[in-house]
Amino acid sequence: MNAPILPGGQAVLGVLGGGQLGRMFVHAAQRMGYFTAVLDPDPDSPAGRVSHHHIEADYLDPGALDRLAGLCDAVTTEFENVPAAALADLAARLPVAPGADAVAIAQDRAREKAHFVACGVPCAPYAEIETIEALAALVAPPSAAHEGAGGGAGLFPGILKTSRLGYDGKGQARVATPAELAAAWERLGRVPCVLEKMLPLAGECSVIVARGADGALVHLPPQRNLHRDGILAATEVFEQNMPPALMEQAVVAAKSIANGLRYVGVLCVEFFMLEDGALVVNEMAPRPHNSGHYSIDACDVSQFELQVRAMAGLPLTQPRQHSPAVMLNLLGDLWFAQGGGAPATPPWDQVLALPGAHLHLYGKRDAKRGRKMGHLTLTAATQAQARATALRAAALLG
Ligand code: ADP
Ligand code: MG
């Protein structure tokens, strides 16, 4: 194992990707005394604008990767669709966390599900669709010989998801019949997909774990997540926000998924809580996650500090949540909800008059519908108060 990269000297920590996750990583690293470098082609990227160094180039630009490797003592990533080849290239020269292998698995739903199954963590019943033959097998009516088991009958109604590059509900189609499946696969461009059985959800939750190169594992408390139109809308974190046995099960599952990857860094694992009380894994993200943003204001170690510690080889201490919290995502739609046709700044002065309101804006130039512009975390002494404040904030924002 490498010696820890200590803060307070000349050490530079680098991140591939300049979005809001990179920005909050940069904030955490700088607060601890590191210099930072961001690789992102966008001159206005949220992280690039606050970093000491910003390399404006493509993730696979060899010169840019050389510059990043020359500048940095360690590198991490803020999104899973960074080419795994870029991580592998950098890993030959300096510590990279998470590793290219783990990111490559998380980039591909089919490989990701196979990994869950290998770790003994159940996921929704699914089938891979890579070819027209695989599709045909699923849409064929069950033959007499295979009655009951034929085709993909057991997977309807289902959700067809592209294996790669899906996020925030994009690259998905709900399909009730074989004919709808065939049409949806055409619409998605005949790319490799998985068809997943639609499950009766009682709710959704996620667990963020951090694992060090020495195998040490810590976790944030399980979060309950509310999605709207496929995008995370709100996260609630209370000590008792789920049955204790389910929380324990989610933490154990997330840790075994991280261990199975010999993962180094911050990993978020999303779960479905089913109506019958069962817990089923949905997907994972090899990076800090939107559902963990509350940890900046409500925990003594945030998910971004865990990311810094893991990549620098510093000790990972078990985070403690000191306040119940509700996190509201701030989408660009709010800028359009202020009356008048043109986008307008929401009434932050009124929102910030609420006790325990922590505003995080990501420095994005233009508000667009569906675009994540920031988030608001409401902390309070009790769960009821945090919820009540969140409702007042939501009412002010329209
Ligand atoms: P993304 O990568 O876009 O986040 P997800 O696979 O997490 O895609 O799906 C987005 C949302 O769609 C989930 O958070 C959940 O609300 C719903 N969903 C996805 N798969 C299923 C399923 N098999 N059964 C029921 N709901 C699902
Ligand atoms: Mg998801």
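Residues are numbered from 1 along each chain as its sequence is written, while chains are lettered from A and ligands numbered from 1 in the order in which they are written. In this predicted model, local features need pLDDT of at least 70 and side-chain atom pairs count only at pLDDT 80 or more, whereas totals for chains, interfaces and linings use all residues.

Me: Into which domains is the protein divided?
Reply: The bounds come from an automatic or database domain assignment. On that basis the protein is divided into domain 1 (12-96), domain 2 (125-197) and domain 3 (201-397).

Me: Which helix gives the largest share of the side of domain 1 that touches domain 3?
Reply: The C-alpha centres of domain 1 and domain 3 lie 23 Å apart. Their contact, in which the C-beta atoms of two residues, placed from the backbone, lie within 7 Å, takes 20 residues from domain 1 and 18 residues from domain 3. At least two residues of the domain 1 side come from each of α1 (20-31) and β4 (74-77), where helices (H or I, at least four residues) and strands (E, at least two) are DSSP runs numbered from the N terminus. The largest share, eight residues, is that of α1.

Me: What is the composition by class of the side of domain 1 that touches domain 3?
Reply: Ala, Val, Leu, Ile, Met, Phe, Trp, Tyr, Cys and Pro count as nonpolar, Asp, Glu, Lys and Arg as charged, and the others, Gly among them, as polar. Under this scheme, the side of domain 1 that touches domain 3 has 11 nonpolar, four polar and five charged residues.

Me: Between which domains does ligand 1 lie?
Reply: A residue is near the ligand if its C-beta atom, placed from the backbone, lies within 6 Å of it. Of the 17 residues around ligand 1, those that come nearest are Ala124, Gly169, Glu196, Leu199 and His227. Because both domains give residues to the shell, ligand 1 lies between domain 2 (125-197) and domain 3 (201-397).

Me: Which strands each supply at least two residues of the shell around ligand 1?
Reply: The shell around ligand 1 has six nonpolar, five polar and six charged residues. The strands that each supply at least two of its residues are β6 (158-162), β9 (201-211) and β14 (279-285).

Me: How are α1 and α10 oriented to each other?
Reply: Axes are lines fitted to C-alpha atoms, for helices over the stretch in contact, and angles run from 0 to 180 degrees between N-to-C directions. The axes of α1 and α10 (residues 303-312) come within 8 Å and cross at roughly 65°. Angles under 35 degrees count as roughly parallel, over 145 as roughly antiparallel, 65 to 115 as roughly perpendicular and the rest as oblique. The orientation of α1 to α10 is therefore roughly perpendicular.

Me: Which residues of α10 are met by α1?
Reply: By class, this contact has six nonpolar, two polar and one charged residues. From α1 come Met24, Phe25, His27, Ala28 and Ala29, and they meet α10 at Phe304, Glu305, Gln307 and Val308.

Me: How are α6 and α7 oriented to each other?
Reply: The axes of α6 (residues 132-139) and α7 (residues 178-187) come within 9 Å and cross at roughly 160°. Leu135, Leu138 and Val139 of α6 make the contact with Pro178, Leu181, Ala182 and Trp185 of α7. These residues divide into seven nonpolar, no polar and no charged. Given the crossing angle, α6 and α7 are therefore roughly antiparallel.

Me: How are α2 and α3 oriented to each other?
Reply: The axes of α2 (residues 62-71) and α3 (residues 84-91) come within 10 Å and cross at roughly 45°. The contact is formed by Leu65, Leu68 and Ala69 of α2 with Ala86, Asp89 and Leu90 of α3. Its residues divide into five nonpolar, no polar and one charged. The two helices α2 and α3 are therefore oblique.

Me: What is omega for the cis peptide bond that joins Phe156 and Pro157?
Reply: Most residues other than glycine have a negative phi, and most peptide bonds are trans. Pro157 is placed in the loop between α6 and β6. The bond from Phe156 to Pro157 is cis, and its omega is about -10°.

Me: Where does Asp229 lie?
Reply: Although Asp229 is not a glycine, it has a positive phi of about 55°. Its place is the loop between β11 (223-228) and β12 (231-237).
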